[in-house]
Amino acid sequence: MEKITWKPSFSVGHPILDQHHQTLVEITNRLVDAQGGNSRIAETFELLDDYVSTHFQLEESLLAATDMDNLEEHFASHRSFTNWLDAVKASYNAGGASSFYITETVVSYLKNWLVSHILVTDMQYKGKINEPD
Ligand code: FEO
């Protein structure tokens with residue numbers, strides 16, 4: 001599994017949201033470093049829970065203040081991420097999947113999320129949301 005290198009082109013033009021996205025990249029890279037070790041998985045789930053509650057909430061509130069179309073679709077993607085996280089946590093906690101399998105599954109999902117959500121869906125709001133005060 002290869003790590004992700006953050007690039008300036010990944011920026012959505014909002015410093016806090018960029019910081020959150022960079023945190024997601026760091027979570028992914030730490031999991032790659034752990035190479036399937038159990039120790040990182042519980043920590044990863046905690047960090048992802050925090051990401052879901054902090055990032056999605058802020059991003060959705062900033063987007064709701066714009067006149068952008070298709071926000072329901074964007075927000076539905078966030079619910080999809082949350083549902084995926086709940087399912088993978090349940091699978092891990094039930095002991096039905098090895099730590100290596102869970103690690104590969106999570107890394108793969110997060111890499112795909114970066115490419116398909118952050119760099120496509122999120123990128124559509126670049127320049128359209130308010131900067132923090
Ligand atoms: Fe940055 Fe729509 O998640």
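Modeller: Helices here are DSSP runs of H or I with at least four residues, numbered from the N terminus. Please note that this is a predicted model.

Biologist: Where does Thr-121 sit, then?

Modeller: Thr-121 lies in helix 4, which covers residues 99–121.

Biologist: Is Thr-121 buried or exposed?

Modeller: Thr-121 counts as buried because its relative accessible area is 19%, and the cut-off for buried is under 20%.

Biologist: What does Thr-121 touch, beyond residues up to four places away in sequence?

Modeller: Thr-121 touches His-74 and Ser-116. His-74 is itself one of the buried residues of helix 3.

Biologist: What do the buried residues of helix 3 pack against?

Modeller: They pack against helix 2 (39–64) and helix 4. Helix 3 spans residues 71–93 and reaches 33 Å from its first C-alpha to its last, close to the 33 Å expected. Just after helix 3, Gly-95 takes a positive phi of about 75 degrees.

Biologist: Changing topic: which residues touch the most other members of the largest nonpolar core?

Modeller: Leu-48, Phe-81, Trp-84, Val-106 and Leu-110 do, in a core of 27 residues. Helices 1, 2, 3 and 4 each supply at least two residues of this core, and helix 4 gives the most, with 8 residues.

Biologist: And what is Leu-48 in contact with, leaving aside neighbours within four places in sequence?

Modeller: Its contacts include Leu-24, Ile-27, Phe-81 and Val-106. There is also a second, separate core of 9 residues, among them Val-12, Met-68, Tyr-125 and Ile-129.

Terms used: Residues are numbered from 1 along each chain as its sequence is written. This is a predicted model: local features need pLDDT of at least 70, side-chain atom pairs count only at pLDDT 80 or more; totals for chains, interfaces and linings use all residues. Side-chain values use heavy atoms; hydrogens and water are left out. Buried means under 20% relative accessible area, exposed over 50%, partly exposed in between (1.4 Å probe, protein chains only). Contact means heavy atoms within 4.5 Å. The expected span of a helix is 1.5 Å times one less than its number of residues. A nonpolar core is a set of buried Ala, Val, Leu, Ile, Met, Phe, Trp, Tyr and Cys residues joined through side-chain atoms within 4.5 Å.
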